[in-house]
Amino acid sequence: MFEELVLKNRSYRGFDRSVLVTRERMLRWLGCVRTSPSARNLQMLKFKPVTDADACSRLLALTRWGGALPQMHLPPEGHEPTAFLVVCADLKLGTCSENTMIDVGIAAQTFLLAATEDGFGGCMLRNFSHDGVHDLLGLSEWLSPQLVIGLGKPAEVAKVVDLPESGSVNYYRENGIHCVPKRSLDELVI
Ligand SMILES: Cc1cc2nc3c(=O)[nH]c(=O)nc-3n(C[C@H](O)[C@H](O)[C@H](O)COP(=O)(O)O)c2cc1C
């Protein structure tokens, strides 16, 4: 059911490294992204799937995970992502605008929903070294990395919870479960 899929599609920051994400799988998930909405139908996003183990560990070093849990080292050692997708704006096709960033969000969520349906998962990452990623992947000068997605077979349990009394939206760990507070529907609807 779609609602279950959306609930299961959490941000995962620990993975089972015995299950690899293949390039073929990623291309299939990108096939879903290909037909998603795009402002002015410009389709100015380009996608770099990264599955090589060495490139993945170098990419990992350029990203920052779980800022709200500074006491934890995320992803935990031995549970690093086995693939990455780097979402780039193609500056040959237009300037990187607010509309481009909306396209990025739609593409990322579509990609992750497809991955979730196949039993995989990941985490969108905006906290990364843009220059570092650009150089590491040898991207053309007109390709500007906008989002990195770390991917793998989730090795942690994450669940949506109500906001605590304090109203804090910070995610937290309870008995090893990753809890993600979400505002109630009542609070969202105007
Ligand atoms: C645009 C965007 C940027 C994000 N950047 C990071 C990041 O740099 N590092 C990280 O660990 N999580 C990042 N996240 C994941 C959020 O922390 C996560 O979506 C939030 O905690 C809610 O959890 P959920 O995705 O399970 O609902 C990002 C999410 C979005 C949508």
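1. Val 160 sits opposite Val 180, a residue of β7. This is a predicted model. The strands β5 and β7 (residues 177-182) run parallel, joined by five bridges.

2. β5 and β7 belong to an open sheet of three strands, ordered β5-β7-β6. Pairing in this sheet is mixed. Its edges are β5 (158-162) and β6 (172-174), each of which pairs on one side only. Direction ignored, neighbouring strands of the sheet are turned by 45° against each other on average.

3. Now strand β2, which spans residues 83-90. Is it largely enclosed or open, and why? Seven of its eight residues are buried, so the rest of the structure largely encloses β2. Buried here means that 20 or more other C-beta atoms lie within 10 Å of the residue's own.

4. β2 has antiparallel pairings with β1 and with β4. With β1 (residues 45-50), there are six bridges. Pro 49 has Leu 85 of β2 as its bridge partner. With β4 (residues 143-152), there are eight bridges.

5. Next, the ligand. The residues around it number 13, and Arg 10, Ser 11, Leu 125, Arg 126 and Asn 127 come nearest. Which strand gives the most to this shell? Strand β3 (residues 121-125) does, with three residues.

6. What is the class make-up of the shell around the ligand? Seven residues are nonpolar, three are polar and three are charged. Domain 1 (2-156) and domain 2 (157-190) each supply at least three residues to the shell.

How values were computed:
Residues numbered from 1 in each chain as written. Predicted model: local features only at pLDDT ≥ 70, side-chain atom pairs only at ≥ 80, totals over all residues. Near = placed C-beta within 6 Å. Helix = DSSP H or I, 4+ residues; strand = E, 2+ residues; numbered from the N terminus. Nonpolar A, V, L, I, M, F, W, Y, C, P; charged D, E, K, R; others polar. Domains from an automatic or database assignment. Pairing = 2+ DSSP bridges. Axes fitted to C-alpha atoms, helices over the stretch in contact; angles between N-to-C directions. Buried ≥ 20, exposed ≤ 12 C-beta atoms within 10 Å, placed from the backbone.
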